Amino acid sequence: MSTPKYPRSLRKALIPDLETYPVVALMGARQVGKSTLGRELAEERGMAYRTLDDRDVLRQAREDPEGLLDELAGAGFIDEAQRAPELFLAVKAVVDREQRAGQYLLSGSNQPVMPGAVGDSLLGRAAYRTLRPLTLSELRLSETHAGWDFLFDHDTPGVIEELERRAAASGMLNWRTTVETGGFPKAVAATADMRRRLLDDYVEVFANRDIRELLAIESADRFEQFMRLVASRTGQILNVNGLSGELGTPVTTVRRWLDALERSFLIELIPAFSRNAGHRVTKAPKLFMADVALALAAAREPEPTGFHLETLVASDLAVWRDASPNRGVHHWRTQSGQEVDFVAERERRLLPIETKTSTAVGASDARHVKVFVEGYDAAVRGLLLSADPAIRALTSKVIAAPWWAVL
């Protein structure tokens with residue numbers, strides 16, 4: 001089975017990074033496409049390539065890191081670099097000696113080692129980027145992430161016009177099919193039945209092999225059960241005590257396992273929006289699996305739900321947020337039960353977003369969005385995303401649009 005080549009919007013950030021920093025660290029979960037993107041960039045820039053998934057290369061990186069760097073002749077792409085922490089001090093020595101941009105591209109996944117090692121050894125010398133599963137823009141073969149910036153414009157007619165343009169360019173999409181496809185390149189290329197099997201195997205491999213490089217796990221079966229339970233909670237408020245009780249595992253262990261999943265880029269914890277506006281709000285984060293098809297397969301659920309459409313939106317918002325330090329993504333829920341799935345933030349402007357799977361929505365579906373907009377002066381407008389193809393203003397400050405007009 002060959003995997004199609006998809007454009008990656010992160011390329012546009014990596015190229016100037018390589019022209020500015022001596023080291024660029026490309027982070028992300030296994031099988032998300034780091035090796036493919038890294039090798040493309042390395043070939044274009046004349047950089048040598050080594051992968052620490054190769055046992056001989058791994059042994060050399062651990063026992064003779066200086067010799068490995070000498071073989072790269074001062075410029076190279078080292079894949080899965082976190083497997084040899086000994087490498088980072090050797091990289092620092094070369095970087096400090098030669099002091100030029102674009103010397104090393106390092107990729108890392110599934111371990112907390114690399115961010116700490118690079119941060120300690122290469123402070124001020126390295127840029128970090130996270131490669132996430134394929135976005136809908138990339139699946140449409142676009143090198144540019146469609147993004148959410150236009151929705152912060154005060155010109156409502158202009159925003160609606162752009163939504164209509166995007167919806168027409170996309171064509172109507174089935175959210176269930178999109179959710180079941182996900183964004184891991186190898187899984188996207190597979191048939192529906194094989195995709196489920198590949199993603200189920202992904203969970204088993206992580207629980208039985210990869211996690212042992214991260215944590216001392218006594219029972220792989222227990223961790224696999226935990227991971228599948230977490231997948232079944234995608235799109236929901238994180239309840240550590242609930243997970244602990246259901247698994248019969250101490251809260252401290254659950255927190256440690258959650259941290260391992262987060263630092264392995266397999267889950268995303270979206271913080272609560274708690275800026276005071278007269279509301280008592282829930283402060284717990286919302287938990288999302290990094291890939292929606294992985295969430296569905298890992299939980300072994302027969303059909304996708306609204307939580308999975310929400311997870312798809314969360315993944316796209318994460319890509320948008322990562323591209324600029326002036327952006328943020330939160331969720332909002334009051335103790336009285338009012339909630340908004342997401343609050344996107346750009347240069348201190350706010351955009352509350354609600355997602356629904358319904359094919360026919362109205363103003364009542366956006367009532368909590370309306371409450372948020374009325375309660376926060378920084379809210380430009382509210383957005384209701386659903387499977388309803390009609391694009392329209394539900395109120396003077398709330399727009400309804402199909403989800404495919406934004407993603």
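In the predicted model, the crossing of helices H12 and H13 is right-handed. Helix H12 spans residues 220–232 and helix H13 spans residues 240–247, and the two pack at an angle of about 135 degrees, with their axes 11 Å apart. Since an angle counts as roughly perpendicular from 65 to 115 degrees and as roughly antiparallel over 145 degrees, H12 and H13 are therefore oblique to each other. On the side of H12, the contact is formed by Arg-222, Gln-225, Phe-226, Leu-229 and Val-230, and these residues meet Leu-243, Glu-246 and Leu-247 in H13.

The crossing of H13 and H14 is right-handed. In this contact Val-240, Asn-241, Leu-243 and Ser-244 of H13 meet Val-251, Val-254, Arg-255 and Leu-258 of H14, and the residues involved divide into five nonpolar, two polar and one charged.

Attention may now turn to the charged side chains. The count of salt bridges in the model comes to 33. One of these joins the side chains of Arg-8 and Glu-138, with a distance of 3.3 Å from N to O. This pair links distant parts of the chain, given that Arg-8 lies in the segment before helix H1 (11–18) whereas Glu-138 belongs to helix H7 (residues 136–139), 130 residues apart. With buried meaning under 20% relative accessible area, Arg-8 counts as buried because its relative accessibility is 7%, and Glu-138 likewise counts as buried because its value is 3%.

A salt bridge is also formed by Arg-125 and Asp-96, whose closest N and O atoms are 2.6 Å apart. Here too distant parts of the chain are linked, with Arg-125 in the loop between helix H6 (113–121) and strand S5 (126–130), and Asp-96 in helix H5 (residues 87–98), at a separation of 29 residues. Partly exposed residues are those between the 20% limit for buried and the 50% limit for exposed, so Arg-125, with a relative accessible area of 22%, is partly exposed. Asp-96, at 28% relative accessibility, also counts as partly exposed.

Asp-149 and Arg-346 form a further salt bridge, in which the closest N and O atoms are 3.3 Å apart. The two residues stand 197 residues apart and again connect distant parts of the chain, Asp-149 being located in the loop between H7 and helix H8 (156–170) and Arg-346 in strand S10 (residues 339–346). Asp-149 is partly exposed, with a relative accessible area of 26%, and Arg-346 counts as partly exposed at 24% relative accessibility.

Salt bridges also occur in a linked arrangement, for Arg-30, Asp-53, Glu-80, Arg-83, Arg-209 and Asp-210 are connected in a network of such bridges.

Technical notes
Residues are numbered from 1 along each chain as its sequence is written. This is a predicted model: local features need pLDDT of at least 70, side-chain atom pairs count only at pLDDT 80 or more; totals for chains, interfaces and linings use all residues. Side-chain values use heavy atoms; hydrogens and water are left out. Axes are lines fitted to C-alpha atoms, for helices over the stretch in contact, and angles run from 0 to 180 degrees between N-to-C directions. Helices (H or I, at least four residues) and strands (E, at least two) are DSSP runs, numbered from the N terminus. Angles under 35 degrees count as roughly parallel, over 145 as roughly antiparallel, 65 to 115 as roughly perpendicular and the rest as oblique. A crossing is left-handed if the near helix is turned anticlockwise from the far one by less than a right angle, and right-handed if clockwise. Contact means heavy atoms within 4.5 Å. A salt bridge is a side-chain nitrogen of Lys or Arg within 4 Å of a carboxyl oxygen of Asp or Glu. Buried means under 20% relative accessible area, exposed over 50%, partly exposed in between (1.4 Å probe, protein chains only). Ala, Val, Leu, Ile, Met, Phe, Trp, Tyr, Cys and Pro count as nonpolar, Asp, Glu, Lys and Arg as charged, and the others, Gly among them, as polar.
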